[in-house]
Amino acid sequence: MINTVSVIGAGTMGNGIAHVFAQHGFRVNLIDVSQPQLDKAIGTITKNLDRQLAKGGITEEAKAQTLANLTTMTSFEGLKDAQLVVEAATENIELKLSIFKQIDEVAPAGCILATNTSSISITKIAAATKRPEQVIGMHFMNPVPVMKLVEIINGYATTKEVTDTITELSRKLNKIPCVVNDYPGFIANRILMPMINEAIYSLYEGVAGVEEIDTVMKLGMAHPMGPLQLADFIGLDVCLSILEVLHKGFGNPKYAPCPLLVNMVTAGKLGAKSGEGFYTYTPGSKDLVVSRRFS
């Protein structure tokens, strides 16, 4: 039975994953090389708990217990008693391989190693360890405390016991697990990213403007958010990285990133987190200010 979880990476996904585990009674070690990033993560979790409290979703006691379940640290010492490790570092293959080699050296023999990767091969990540049968993908959606889906990805060697354990664990987090196999982009991003890329191509080729493209998809297809605004929220650098994985993995030109996306990332226009993407944003928030103008 899993009671203690270590989450590696205190960014947007990592702090959301830590929040959800802690809120459901797990003891959580949140690990990041940057103490300021850990402090920021605890601040974000506290604000999100306050938001839940204001809406009547939790009590003051539940908020206090969630925060009490969280411990932050800047070293992998927190892995020594972990029963599950969830890696939520930046979507970079070399970084993830390095982290998994380190995890494998420190985590207990029976510990399950999960990655929150949105596109990178679980089999390749697992190969960096001496326990590939205990490595699995646990892809949460952003924002983690709100979104119900957990995409569970089996690597080539992942055992049924590990898959069943993570599936049941996801249900304990009040999430809906969907088990898929290890191919580039899995399911979520294999379908989503080509749609976003096609929306960017439509803008690039002058078919329509930013707001028109998003409005068509929202009102015509009942999407809660248009693909260009969604790309801004995901991060245009993340979208580019996933498309590159798809393009390389399948060798199909239909996955080739739009030149406009490449240029925007090169120019540092990464979406909401940088303050400007297809839209501009209030600094430090995801509040849309005005549509970006493209000629």
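Helices α2 and α3 are roughly antiparallel to each other. The model they belong to is predicted. Helix α2 covers residues 35–54, and helix α3 covers residues 60–68. They pack at an angle of about 160 degrees. An angle over 145 degrees counts as roughly antiparallel, so α2 and α3 qualify. Their axes lie 10 Å apart.

Look next at how α2 passes α3: the crossing is right-handed. Which residues meet there? From α2 come I45, T46, L49, D50 and L53. From α3 come E60, K63, T66 and L67. Sorted by class, this contact has four nonpolar, two polar and three charged residues. An α-helix has 3.6 residues a turn, so residues three or four places apart point the same way.

Now turn to a second pair, α8 and α9. Helix α8 runs over residues 210–221. Helix α9 runs over residues 227–234. Their axes come within 7 Å and cross at roughly 100 degrees. Angles of 65 to 115 degrees count as roughly perpendicular, so that is the word for α8 and α9. In α8, the residues at the contact are V210, I213, D214 and M217. They meet P227, L228 and Q229 of α9. By class, the contact of α8 with α9 has five nonpolar, one polar and one charged residues.

Stay with α9 for a moment. P227, L228, Q229, A231 and D232 are buried in this helix. After α9 comes G235, with a positive phi near 110 degrees.

Positive phi values also turn up in residues other than glycine. One of them is N174, with phi near 65 degrees. N174 sits in the loop between α6 and β8. Is N174 buried, partly exposed or exposed? Its relative accessibility is 47%, so N174 counts as partly exposed. Another is F186, with phi near 55 degrees. F186 belongs to the loop between β8 and α7. Here the relative accessible area is 2%, so F186 is buried.

The backbone has another feature to find at P143. The peptide bond from N142 to P143 is cis, and its omega is near 0 degrees. P143 lies in the loop between β6 and β7.

Go on to T167 in helix α6, residues 160–172. Its relative accessible area is 11%. Buried means under 20%, so T167 is buried. What does T167 touch, leaving aside its neighbours within four places in sequence? The contacts are I152, P177 and V179.

How far is K254 from L169? They are 85 residues apart in sequence, and their C-alpha atoms are 36 Å apart in space.

Finally, step back to a longer span. In an unreviewed entry, UniProt lists residues 4–182 as "domain: 3-hydroxyacyl-CoA dehydrogenase NAD binding". In the model, this span is 41% helix and 22% strand. Its end C-alpha atoms lie 27 Å apart.

Definitions and conventions. Residues are numbered from 1 along each chain as its sequence is written. This is a predicted model: local features need pLDDT of at least 70, side-chain atom pairs count only at pLDDT 80 or more; totals for chains, interfaces and linings use all residues. Side-chain values use heavy atoms; hydrogens and water are left out. Buried means under 20% relative accessible area, exposed over 50%, partly exposed in between (1.4 Å probe, protein chains only). Helices (H or I, at least four residues) and strands (E, at least two) are DSSP runs, numbered from the N terminus. Axes are lines fitted to C-alpha atoms, for helices over the stretch in contact, and angles run from 0 to 180 degrees between N-to-C directions. Angles under 35 degrees count as roughly parallel, over 145 as roughly antiparallel, 65 to 115 as roughly perpendicular and the rest as oblique. A crossing is left-handed if the near helix is turned anticlockwise from the far one by less than a right angle, and right-handed if clockwise. Contact means heavy atoms within 4.5 Å. Ala, Val, Leu, Ile, Met, Phe, Trp, Tyr, Cys and Pro count as nonpolar, Asp, Glu, Lys and Arg as charged, and the others, Gly among them, as polar. UniProt positions are given in the numbering used here, feature names are shortened, and annotations may be inferred rather than shown by experiment.
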